[in-house]
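Please have a look at it first.

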Amino acid sequence: MATASIHDRALIERVYPRDAYAGDASENERRKPAVLKGVRITAAPDEAGDFAIERATQQVGEVPGAVFLAPFRRAKAQEDAATEPDPRQDYEAFLDEIIEAAQRFGYRAEASPGPGDARLRGPRQ
């Protein structure tokens with residue numbers, strides 16, 4: 001597991017480089033893939049903005065435990081489009097999604113129930 005920062009895109013790019021994005025997006029676009037490829041954010045940013053991230057796969061029907069983001073091509077079909085969309089913009093947009101997801105959803109140990117927490121009391125099923 002690697003550490004990246006919401007304040008330093010270059011760190012995220014080292015963990016999830018452009019080539020990895022392109023390959024994963026291409027495979028995720030296949031017809032009905034059983035497994036998606038992308039990144040998993042396993043810890044929310046700390047006070048310095050550092051968070052835990054790793055390349056990951058996830059079964060399509062799997063219920064995620066941590067934040068999982070799978071890249072897809074963002075090209076929008078436009079009639080009479082003269083040029084192909086710039087894949088660099090897609091990658092940059094995906095990096096933005098990673099930063100946003102890390103800030104909003106990352107796992108926070110302090111918010112997780114522990115021994116004696118009222119959320120863990122009651123009948124077990």
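Predicted model: local features only at pLDDT ≥ 70, side-chain atom pairs only at ≥ 80, totals over all residues.

The sheet is an open one of four strands, in the order β1-β3-β2-β4, and its pairing is antiparallel; strands here are DSSP runs of E with at least two residues, helices are runs of H or I with at least four, both numbered from the N terminus, and two strands pair if DSSP finds at least two bridges between them. At the edges are β1 (2-5) and β4 (67-69), each of which pairs on one side only, and from one strand to the next the twist averages 40°.

Residues are numbered from 1 along each chain as its sequence is written, and side-chain values use heavy atoms, with hydrogens and water left out.

Strands β2 (residues 35-43) and β3 (residues 50-59) run antiparallel and are joined by eight bridges, with R40 standing opposite E54 in β3.

Now, which residues form the aromatic cluster? They are Y16, Y21, Y91 and F94, where rings of Phe, Tyr and Trp (its six-membered ring) pair if their centres lie within 6.5 Å, and planes under 30 degrees apart count as stacked, over 60 as edge-to-face and the rest as tilted. By this rule there are three aromatic pairs, and one of them, Y16 with F94, is tilted, at 5.7 Å centre to centre and 50° between the planes.

Terms used
Axes fitted to C-alpha atoms, helices over the stretch in contact; angles between N-to-C directions.
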